[in-house]
Amino acid sequence: TNKAGATMTLSSSTVTQKTGTQVNVANYVQNAKGTVTYQITTNGTTTQSTISGSTVTLGAMSTANDTDQTVVVTATDPGNSNYQGTSKTLTITVQKYTRSLAWTNTTPSSVTYLDTSKYATVSTSGSGGTQGAITYSVTSGSDYLSINSSTGQLTPKAYTTGAKVQASMARTSTVKATTSDEKSIAVNRATGNIAINPTSGSVNYGTASTTFNVTGSHGGALS
């Protein structure tokens, strides 16, 4: 008597999961007649994925790019005395986690010349994996404004209606690189102070001139 055809199928042949998570391939197996065994046949993650029984633990990914990677698991049903055996493959697309960057409420839209007390900083949203370092840069108007790449401290250098800054997060083996929107920051002119000493006096016609000393703060020539 000939055996009947194999009956095992997979409910899905492709799935997408994040790096570092686990996939139980047995959850996709249907109508197996024998004891199913599992094997990784394509191990495409940068750090090798592992399998224990039917559960795959997906490895970490590249730090050079954020490209999806692939792991293929073969499930084999040996069949039994009445049904033929068969093998099916589950292709797992492995992805990194993501983050979003948003400027904090304390990030100013303008600063005043010579005032270095202001900071432009971002907050992150999203979870999973280990995120990279955040750095800050001036994308337009570096002659007018500078920013500390680590802390976001702003240093106004000259008047402008709007320099632009941006935050960037470095990629890791588990989280993608990302950048914030550009933030426009104006540099306002500082308020100068002028002092005259003495504040009053008189001069008689034909006599030597009287000198009044004028001093100013915040720099700039007096005329």
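In the predicted model, strand E16 and strand E18 (residues 183–188) run antiparallel and are joined by four bridges. Within this pairing, threonine 160 has valine 187 of E18 as its bridge partner. Strand E16, which spans residues 160–169, also pairs with strand E13 (residues 134–140) in the antiparallel sense, here over six bridges. The bridge partner of isoleucine 134 in E16 is methionine 169. A further antiparallel pairing links E16 to strand E17 (residues 178–179) through two bridges. Methionine 169 takes part here as well, standing opposite threonine 178 in E17.

An open sheet of four strands is arranged in the order E2-E9-E8-E5, with mixed pairing. Its edges are formed by strand E2 (14–18) and strand E5 (37–43), each of which pairs on one side only. From one strand to the next, the twist averages 30°. Inside this sheet, strand E8 (residues 69–77) and strand E9 (residues 86–95) are paired over nine bridges in the antiparallel sense. Glutamine 69 has valine 94 in E9 as its bridge partner.

Threonine 86 is placed in strand E9. The C-alpha atoms of threonine 86 and threonine 76 are 5.9 Å apart, with the two residues ten apart in sequence. When residues up to four places away in sequence are not counted, threonine 86 touches Ala6, Met8, Ala75, Thr76 and Asp77.

A three-stranded open sheet has the order E3-E7-E6 and antiparallel pairing. Strand E3 (22–24) and strand E6 (50–52) are its edge strands, each pairing on one side only. The average angle by which neighbouring strands of this sheet are turned against each other, direction ignored, is 20°. Strand E3 and strand E7 (residues 55–57) pair over three bridges in the antiparallel sense, and the bridge partner of glutamine 22 in E7 is threonine 57.

Aspartate 66 is located in the loop between E7 and E8. This residue counts as buried because its relative accessibility is 19%, which is under the 20% cut-off. The side chain of aspartate 66 makes a polar contact of 2.8 Å with the side chain of lysine 96. A polar contact of 3.1 Å also joins the side chains of aspartate 66 and arginine 171. With neighbours within four places in sequence left aside, the residues in contact with aspartate 66 are Lys96, Arg171, Val175, Lys176 and Ala177.

Nonpolar side chains tend to be buried together in soluble globular proteins. In this model, the largest nonpolar core has 19 residues. Those with the most contacts inside this core are Val29, Tyr38, Leu58, Val71, Val73, Leu90 and Ile92. Strands E5, E8 and E9 each supply at least two residues of the core. A second, separate core of 17 residues includes Tyr97, Leu154, Ile185 and Val187. As for valine 29, its contacts, leaving aside neighbours within four places in sequence, are with Met8, Thr9, Leu10, Val36, Tyr38 and Ala75.

Technical notes: Residues numbered from 1 in each chain as written. Predicted model: local features only at pLDDT ≥ 70, side-chain atom pairs only at ≥ 80, totals over all residues. Heavy atoms only, no water. Pairing = 2+ DSSP bridges. Axes fitted to C-alpha atoms, helices over the stretch in contact; angles between N-to-C directions. Contact = heavy atoms within 4.5 Å. Buried < 20%, exposed > 50% of the residue type's maximum accessible area, 1.4 Å probe, protein only. Polar contact = N/O pair within 3.5 Å; in protein donor to acceptor, adjacent residues only side chain to side chain. Core = buried A, V, L, I, M, F, W, Y, C linked by side-chain atoms within 4.5 Å.
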